[in-house]
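Work through the exercises below with the sequence and the model side by side. Try each task before reading its solution.

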Amino acid sequence: MLKRVQDLEKLAKQTKAKTMAVVFAQDEFVIEAVMRAAEIGVVKPILIGDLEKIESYLPKHHDLKIVNQAEPDLAAKAAMDMVNSGEAEIVMKGLIDTKVLLKAVVNKEYGIRNQKLLSHVGIVSYPDFDRVLFATDGAMNIEPSVEDKILIIENAVKLARAIGYIEPKVGIVSAVEKVNDKILSTVHAQAILDYYKNNEPKGFLIDGPFAIDNLVSQESVIHKGLEGPVAGKADILLFPNLDAGNVFYKTSVFLARGLSAGVIIGAKVPIVLTSRADSAEAKLYSILLAVVSQHGLLATDN
């Protein structure tokens, strides 16, 4: 179980370096993160984009592979082709519109989606908390249905297990702990639990609804008299919608001094999709998360 996001570096160094296609790499923070990941030996980058702009951010003497493609659609397609041919094991979003990249990912002719739903999984660690928290979905799915949330859970569990969690604990987040017909997230929580009563979860535990304090604080759990293996011990937090997940994720980073990383799950390879506001450090941790998860996914598949 991860205690800190920083632990990803140690785990990544234990794996074989992964080839990573960076789509529209002409961005200072993207290049900085990619260079740092390459320097510690965890990725072999292929930089796709405007050659002149990319080289303006690189040292004069470098040995990085650059594919000169200044058209966003064609740059995204180039990355998909690399994945499909086995040349690239990770895709990273650079200075390209997210919609353009994801349009290529789901393209029926050359796209790389291999699950029903793509979803974002972020991980956050805090200075005074004993473990990393997985947060999903704060970047992709706006108002997921019950069926969507089940797929989001499966994606998050797949990621957690790929980086070493044997039986991650999934908590369904709401504002209260009881089903209330006026609070949709509690109704969804009950429907999700009913689904898993008939389709026993494999390799994870799940419970809800819970207010978030009752998923992360044993003191709160004891005070409210709550029980169960997830209460106070959650690893994965399933949020009601994108608003809730995004607010939690960014509040964790900008107010709670949390360190974060995040990837898109549901494609043939992990997709590093960070915000333009993310620092080079956050981008680096997302690369490390993709490296560790891809290693685990490959081991599972084999």
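Two strands pair if DSSP finds at least two bridges between them. Helices (H or I, at least four residues) and strands (E, at least two) are DSSP runs, numbered from the N terminus. The model is predicted: local features need pLDDT of at least 70, side-chain atom pairs count only at pLDDT 80 or more, and totals for chains, interfaces and linings use all residues. Residues are numbered from 1 along each chain as its sequence is written, and side-chain values use heavy atoms, with hydrogens and water left out.

**Exercise 1. Strand pairs**

Task: Find the residue that stands opposite Lys18 in S2, and the sense in which S1 and S2 pair.

Solution: 
- Start with strand S1, residues 18–23; S1 pairs with S2 in the parallel sense, over 6 bridges.
- Now look across from Lys18: Val43 of S2 is opposite.
- Check the cover of S2, residues 43–49.
- Turn to strand S7, residues 169–174: 5 of its 6 residues are buried.
- S7 and strand S8 (residues 205–211) run parallel, joined by 5 bridges.
- Here Lys169 faces Leu205 of S8.

**Exercise 2. Two packed helices**

Task: Describe how H4 and H5 pack, by angle and axis distance.

Solution: 
- Locate H4 at residues 72–85 and H5 at residues 98–105.
- Their angle is about 40 degrees, and the axes lie 9 Å apart. Axes are lines fitted to C-alpha atoms, for helices over the stretch in contact, and angles run from 0 to 180 degrees between N-to-C directions.
- Therefore H4 is oblique to H5. Under 35 degrees counts as roughly parallel, over 145 as roughly antiparallel, 65 to 115 as roughly perpendicular, the rest as oblique.
- List the contact (heavy atoms within 4.5 Å): H4 gives Pro72, Asp73, Ala76, Lys77 and Met80, while H5 gives Val100, Leu101, Ala104 and Val105.

**Exercise 3. Two single residues**

Task: Is Ala231 buried or exposed?

Solution: 
- Ala231 sits in the loop between helix H9 (218–224) and strand S9 (236–238).
- Its relative accessible area is 3%, so Ala231 is buried.
- Leaving out residues up to four places away in sequence, Ala231 touches Phe210, Asn214, Gln218 and Val221.
- His188 belongs to helix H7, residues 184–198.
- His188 is buried too, because its relative accessible area is 13%.

Key
Buried < 20%, exposed > 50% of the residue type's maximum accessible area, 1.4 Å probe, protein only.
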